[in-house]
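User: I would like to learn how to read a structure like this one. Please take me through it feature by feature.

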Amino acid sequence: MEIIIGGILLGGTYALIAMGLQLQYGVARIMNLANGEILVAGSFAALWLFAGAQLSPVLSLIIVVPIAFVGNWLIYQYFLLPLVKRSKNQGQLEVDSILSTFGISFIFVGVMHAIFGGEYFNYEYLEIPFQVFEEPFALNRIVAFLGAAIAAACLYFWLNQTRSGLKLRAVSVNPDAANLVAINVNRASAMAFALGGAVTAGGGALISMFVTFDASIGVLFTMKALIIVILGGVKEIRGSIVAAFVLGLAETAVASLIDPGLTLASAFLLFILILLFRPQGLFGRQTS
Amino acid sequence: MFRRTILSTAAAGLVAAALAFQPAQAADTIKIGASAPKTGPLAGGAATTQWPNVRLWVHDVNSRGGLKLKDGQKKIELIEYDDRTTPGEAIKNIQRLATQDKVDFILAPFGTGFTIATAPIFNKLGYPQLAVSAITDKIPALTKRYDNIFFMLGSTTTFTNSVVDILKKMKDDGKIGKRVAMVNVADAFGIELANAARPVFKKAGFEIVYDKSYPLGSQDLSPVIKGAKASNPDAFVAWSYPPDTFALTAQAKINDLNVKAFYTAVATAYPAFKGKFKADAEGILGAGGIDPDTPALKEYFKRHKEVTGKDADYWASAVTYASFQILEQAIEAVGTLDRKAVTEYIKKNEFKTVIGPVKYDNQNSARYWTVGQWQGNKFYGVSSRGRPGAKAIIEKPAWNK
């Protein structure tokens with residue numbers, strides 16, 4: 001029971017890390033290597049609002065998420081759209097976007113380093129035990145998990161039940177065909193990219209409640225997000241959510257039952273098994 | 001690999017751009033080079049311990065007119081590079097500082113691995129290397145091979161032994177039982193310390209009831225603490241790095257792991273630790289410690305805050321500053337920029353520093369603090385080699401609810 005709850009809470013954290021990248025890569029076809037930096041920027045924003053205005057990290061989402069949305073939309077319009085227009089095929093866009101977002105990640109690290117300095121940052125918020133089935137868990141992790149659940153539910157509902165969500169899914173499946181049925185592919189992509197960035201930054205704000213971070217830690221989050229997105233299948237939002245929880249449960253089970261030293265190994269074992277036996281990911285469709 | 005290449009290219013570009021904007025250098029300055037992490041896993045530690053002291057020292061020397069040499073007083077011109085927590089980059093930085101920037105002296109890099117990695121290049125280029133943030137059992141071998149390297153924080157063996165000694169004393173006094181839970185970060189530092197500690201704990205009559213490692217950068221350490229708690233220990237020891245020091249302590253509090261002796265290694269001495277845990281930091285043991293109540297250190301802490309805007313840590317900060325003072329006093333005593341003469345001077349003389357007198361014996365300073373404890377608002381040294389003023393150990397109270 002303890003393992004299941006611990007695993008689900010960790011899975012919630014992983015979902016917050018990976019959902020944004022999934023939208024950006026799955027729909028906008030941008031392999032965003034600055035994902036982790038955007039997350040850390042969200043963490044810094046939450047810290048700044050908490051330290052400066054005593055604003056709860058949960059309430060700070062009201063400010064962080066819209067700003068991240070606009071910021072990411074601008075990044076897409078000015079830095080990435082030219083690449084999309086120039087590229088002749090998916091492969092070229094991937095290479096170009098990897099290079100470009102890798103550069104953007106450096107800019108983010110540099111700017112955050114200049115503003116906040118290079119030390120470790122953390123703060124204490126809701127770090128109190130909360131009993132679940134008579135077992136204590138940190139309340140801030142539970143709040144982050146709820147945030148992940150709400151974000152996942154909203155995204156899932158929006159993508160599957162609304163017309164604008166349908167457009168995004170169409171672009172995700174086949175951008176050229178979507179264009180033929182009068183979907184503005186660039187607009188839908190910009191929307192997906194901005195939304196992905198907003199989810200990531202919001203996740204960063206929630207995660208900042210219980211991690212110790214610094215200006216250059218983003219790459220760790222990017223790596224985790226990449227593994228989860230590929231595990232889940234790049235075209236399916238459900239995939240990355242399920243993959244996040246599978247990974248969280250697997251790591252917690254290994255840490256509790258075998259040895260905490262093997263959590264990383266178990267994550268990569270899972271990754272290799274998926275790549276070997278289901279290269280399209282847990283929920284990905286076979287490419288025809 | 002692909003990633004690496006871009007990283008280095010980008011960094012090289014930045015460095016080149018930074019250099020291009022440097023004003024023409026006047027001949028009446030002393031050029032000092034510094035290379036330490038500003039990004040990467042060790043950046044947080046360096047930003048607490050290393051960089052503020054580099055700035056403070058340059059500020060202190062320049063505000064009193066510079067270093068007094070035989071041909072007049074000269075101000076310091078500082079050239080700093082980011083090693084991105086990559087040993088290869090650190091070596092390149094040292095080489096570049098010596099051959100391209102032609103600096104007169106180089107401040108030693110940050111971290112054990114980086115000290116060892118750059119030792120050959122420091123030696124080849126003939127620059128004294130006054131290492132501080134380096135703890136290793138290889139000190140005798142290194143000082144034998146390189147006649148220009150100096151150490152100040154002791155060896156892995158004394159580092160672990162003094163923790164065991166403290167727990168043994170608490171055990172002998174009847175304050176704790178013999179069950180120890182020990183965890184370590186799965187990284188060269190943590191593994192080396194855990195391996196060194198295991199036999200010493202057993203010899204001291206302890207039973208290690210939980211002994212696990214966790215990977216560097218783990219996001220969730222609650223299984224580790226839950227496991228440790230299930231083993232019902234009397235003492236908890238973690239050979240940990242900064243982010244996990246915070247995470248383990250937070251989880252111990254959440255899971256109500258109450259032991260009378262709670263030790264976490266690096267970063268326990270950071271002001272941020274007290275900032276986060278406040279009253280709950282009381283009684284927590286950690287690596288380092290100093291005697292912050294000496295007049296020299298009181299004054300140092302005050303100046304550190306005024307000049308850099310940050311609080312100094314209670315371990316290597318003051319020692320780092322002391323190493324710069326040693327370099328400064330040696331240069332002034334020699335009166336020229338003759339690196340060989342300065343190195344020889346450092347070997348033979350005693351220096352007055354903020355941490356008290358320092359004298360190298362076979363290039364190793366044998367007076368240092370090993371374990372500290374939060375008592376009130378300060379982190380006091382409770383175990384030292386050759387430094388006076390160790391405080392009595394207190395039992396860790398239960399977590400505040």
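Analyst: Begin with the radius of gyration of chain A. This is a predicted model, and every value here is computed from it. With 288 residues, a compact globule would have a radius of gyration near 19 Å, and chain A agrees because its own value is 19 Å. The C-alpha trace of chain A spans about 55 × 45 × 35 Å along its principal axes.

User: What percentage of the residues of chain A count as buried?

Analyst: Of the 288 residues in chain A, 54% count as buried.

User: How many helices and strands does chain A have?

Analyst: Chain A has eleven helices and two strands. Along the sequence the pattern reads α-α-α-α-β-β-α-α-α-α-α-α-α.

User: How do strands pair in general, and how do strand 1 and strand 2 of chain A run, parallel or antiparallel?

Analyst: Strands of a sheet pair through backbone hydrogen bonds, in either a parallel or an antiparallel way. Strand 1 (residues 129-132) and strand 2 (residues 135-138) of chain A run antiparallel and are joined by four bridges. Within this pair, A:Gln131 stands opposite A:Pro136. The two strands form a hairpin with two residues between them, and A:Phe133 in the turn has a positive phi of about 50 degrees.

User: Where do B:Asn232 and B:Ala267 lie?

Analyst: B:Asn232 is in the loop between helix 9 (222-230) and strand 9 (235-239) of chain B. B:Ala267 is in the loop between strand 10 (261-264) and helix 11 (271-277) of chain B.

User: Is B:Asn232 buried or exposed, and why does B:Ala267 count as it does?

Analyst: Count the C-beta atoms around each residue. B:Asn232 is exposed because 12 other C-beta atoms lie within 10 Å, and 12 or fewer is the cut-off for that class. B:Ala267 counts as buried because it has 27 C-beta neighbours inside 10 Å, where the cut-off is 20 or more.

User: Which strands make up the open sheet of chain B?

Analyst: The open sheet has three strands in the order 12-13-14, with antiparallel pairing. Strand 12 (350-353) and strand 14 (364-365) stand at the edges with a single partner strand each, so one side of each has no neighbour in the sheet. Two bridges join strand 13 (residues 356-361) to strand 14 of chain B, and B:Tyr360 has B:Ser365 in strand 14 as its bridge partner. Helix 13 (residues 316-334) of chain B lies across strand 12 and strand 13, at about 125 degrees to strand 12.

User: How many residues does each chain bring to the contact?

Analyst: Chain B brings 34 residues and chain A brings 33 residues. Several elements of chain B each supply at least two residues to its side, including helix 1 (2-20) and strand 8 (207-215). Helix 10 of chain B gives the most, with six residues. By class, the side of chain B that touches chain A has 17 nonpolar, eleven polar and six charged residues.

Technical notes:
Residues are numbered from 1 along each chain as its sequence is written. Chains are lettered from A and ligands numbered from 1 in the order in which they are written. This is a predicted model: local features need pLDDT of at least 70, side-chain atom pairs count only at pLDDT 80 or more; totals for chains, interfaces and linings use all residues. Two strands pair if DSSP finds at least two bridges between them. Two residues are in contact if their C-beta atoms, placed from the backbone, lie within 7 Å. Ala, Val, Leu, Ile, Met, Phe, Trp, Tyr, Cys and Pro count as nonpolar, Asp, Glu, Lys and Arg as charged, and the others, Gly among them, as polar. The radius of gyration is taken over C-alpha atoms; the globule rule is 2.2 Å times the number of residues to the power 0.38. Axes are lines fitted to C-alpha atoms, for helices over the stretch in contact, and angles run from 0 to 180 degrees between N-to-C directions.
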